[in-house]
Amino acid sequence: MAAPAPPPRPVTHLIFDMDGLLLDTERLYSVVFQEICGRYGKKYSWDVKSLVMGKKALEAAQIIIDVLQLPMSKEELVEESQGKLQELFPTAALMPGVEKLIHHLRKHSIPFAVATSSGSASFEMKTSRHKEFFRLFSHIVLGDDPEVKSGKPTPDIFLVCAKRFSPPPPLEQCLVFEDAPNGVEAALAAGMQVVMVPDENLSHDLTTKATVVLSSLQDLQPELFGLPAYE
C-alpha cells in the first residue's frame, strides 16, 4: 500500500493539463487507435492507454507498437493516427465543470495556465472551437516548446509553465490538474500538489499518488487548497 497523500496545502497558482482534463479528447484517441490496432487483431485497452496518456506523440506511438507488437514504425503510426484525428479534434467539447472553475478563478484574479503534451498543430485543431476560452489562460506551454526537453512523467513541462508566471511562484504553491498517471508523476516530481480527475475506466491503483482524486471537476472544492469557495 502506498502511503496516503498528505492533506492539501494552500496554493496561489494553478496549472491545467488539457487532454481529458479541460477537453474531451481522450475519447477521440481511443476511437482512432482502436481502429488502427484492430486491423492487426490487437486491442487498444485501458492498460495500454494508461501507459501513453500525457506523453508526446512519437513516444506514445513507440510504446503502443512495443506493447501490442504492431508491424509499423512509430512515424507511420503517428502519421496515420494524426490524419484520422484531424477530422475529429475540432469536435472536442469542454469537460464538465471546466468553464465554471475557470471563470471563478478569473473573477478572483487567481493566475492559471495550461501545460499540455500536445504539439502546436494538434493544439490548434483541438482548440479551434474554443479560442475565446483558451485566451483566458495567462499562458500555454505545449509539448513541442523548445524549453520542454522531456515529456511527462519528467517534470519539465510543469517547471517551464511555473517559471512563466509573472512573477514566478514557489513551486510548492502551484496546483496541477491532471487526468493521467504520467501527468500526476510529473507534477509530484516538480514539487507540486495535484488534483487528479481520472477517467472511470482507469485502474484505481493508478490514482493513489494524487493529492485529491475527483470523479469530475464539478466536484472540486477550491477552499480545500486555500482558494475562494464557489458562491
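Residues are numbered from 1 along each chain as its sequence is written, and side-chain values use heavy atoms, without hydrogens and water. Because the model is predicted, local features need pLDDT of at least 70 and side-chain atom pairs count only at pLDDT 80 or more, while totals for chains, interfaces and linings use all residues.

Helices (H or I, at least four residues) and strands (E, at least two) are DSSP runs, numbered from the N terminus. Strand S5 covers residues 193–196. On one side Gln 193 and Val 195 are buried, and on the other Val 194 and Met 196 are buried; buried means under 20% relative accessible area, exposed over 50%, and partly exposed in between, with a 1.4 Å probe and protein chains only.

Two strands pair if DSSP finds at least two bridges between them. S5 pairs in the parallel sense with strand S4 (residues 174–178) over 4 bridges, and Val 195 is the bridge partner of Phe 177. Between S4 and S5 the chain passes through helix H9 (residues 181–189) in a right-handed β-α-β crossover, that is, the path from the first strand over the helix to the second runs clockwise with the strands pointing away from the viewer. S5 is also joined to strand S6 (residues 212–213) by 2 bridges, again in parallel, with Val 213 as the bridge partner of Met 196.

The loops hold some backbone details. The peptide bond from Lys 152 to Pro 153 is cis, with omega near 15 degrees, and Pro 153 lies between strand S3 (140–141) and helix H8 (156–163). Gln 69, in the loop between helix H3 (57–68) and helix H4 (74–88), has a positive phi near 55 degrees and is exposed, with a relative accessible area of 63%.
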